[in-house]
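Here are some notes to read alongside the model. Please keep the sequence and the 3D view open as you go.

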Amino acid sequence: MSPTHGTFSETNSAEVVSARHAACTNPRLAEVMSALIRHLHDFAKEVHLSQDEWGLAVDFLTRTGQICSGQRQEFILLSDVLGVSMLVDAINNRRPEGATENTVFGPFHVADAPERQMGDNICLDGKGESCLFEGRVLDLEGQPIQGATVDVWSDNADGFYDVQQLGIQPPGNNRGVFVTGADGRYAFIGIKPVSYPIPDDGPVGQMLAQLGRHPYRPAHMHYLVTAPGFQRLVTHTFVGGDSYLTSDAVFGVKASLVAPYTRLHDQPTQWHAPFDFVLAPL
Ligand code: BEZ
Ligand code: FE
């Protein structure tokens, strides 16, 4: 009997299920689903999954879906804490030597953040330790890129993004969009970011707690840097010395992105975070 019409057994389970989509006209879908089914069945066999455990998993996924809304995406959070977001990012953003590395995008980017003038202060709530962020957007040959868009966002001194505290923080707090001139330079005043927990009041937070994992991300500034003819760069600069650098809840830390946050010599109350972004060509 061919697997297409064969009866299901513990031994041939994945083959029998995948054979059912032999008529699928989308070869990529068939390939992805066959591999998914094979790994899922191998997993259930390897851990000898009990009925109760599978029930718990279904309940967990149900609750993960139920908490999702226009403002909350618990499945992306699940992908983040399982390291899948960073893995898919790594597979799809292999860059030449010298190009700035990508990291996780996260849920707190805002598509229509305010465009600001170079040097502007993006901290609108007056909280936190002031920090000068500056650097250049360069190509692989070290030439400045004119007209690059540098979209930045960070949490406030209490560890929340403006979109998490509507009505509490001023809209656009600690975010803004800057466009480079001929010298490729960007500069703005923000705050030295602080470490914060990812949203952990849902099923993903409960899972982390049961696994003995904390929900914290090391302090970072987010950047989305784009320019015509270049690959889109989604990245952060991390504050060196942060105690969560080696245990980021979403595995976003890369050594090349840990930036020197130092005190400005002539203004000891202000921090300085210089960082150049190097874009890879399309
Ligand atoms: C963030 O850095 O904003 C973030 C990334 C992944 C999950 C939650 C938050
Ligand atoms: Fe963040």
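Predicted model: local features only at pLDDT ≥ 70, side-chain atom pairs only at ≥ 80, totals over all residues.

The points below cover the ligand site and then the salt bridges.

1. Who surrounds the ligand. The shell around ligand 1 includes Leu-77, Asp-80, Gly-106, Pro-107, Phe-108 and Tyr-161. Also in the shell are Tyr-196, Ile-198, Arg-217, His-220, His-222 and Val-250.

2. Elements involved. Helix 4, residues 74–81, supplies at least two residues of the shell. Strand 7, residues 220–226, likewise supplies at least two.

3. Polar contacts. Arg-217 places a polar side-chain atom 2.5 Å from an oxygen atom of ligand 1. For His-222, the distance from a polar side-chain atom to a ligand oxygen is 3.0 Å. For His-220, the corresponding distance to an oxygen of ligand 1 is 3.1 Å.

4. On its own, ligand 1 has 260 Å² of accessible area, and the protein covers 100% of it. The space that ligand 1 takes up is the largest cavity.

5. Salt bridges. How many salt bridges does the model have? The count is nine, with a side-chain nitrogen of Lys or Arg required within 4 Å of a carboxyl oxygen of Asp or Glu. Side chains of opposite charge can pair when their charged atoms come close.

6. One pair to inspect. Arg-28 forms a salt bridge with Glu-31, and their closest N and O atoms are 3.2 Å apart. Both residues belong to helix 2, which spans residues 27–46. They are three residues apart there, so about one helical turn separates them.

Technical notes:
Residues numbered from 1 in each chain as written. Chains lettered and ligands numbered in written order. Heavy atoms only, no water. Near = heavy atom within 4 Å. Polar contact = N/O pair within 3.5 Å; in protein donor to acceptor, adjacent residues only side chain to side chain. Areas by Shrake-Rupley, 256 points an atom, 1.4 Å probe, with all protein chains shown as cover. 1 Å grid on protein atoms, 1.4 Å probe; cavity = no way out; pocket = protein on both sides within 12 Å on 5 of 7 lines; lining within 4 Å. Sits in = over half its atoms within 2 Å of the grid points. Helix = DSSP H or I, 4+ residues; strand = E, 2+ residues; numbered from the N terminus.
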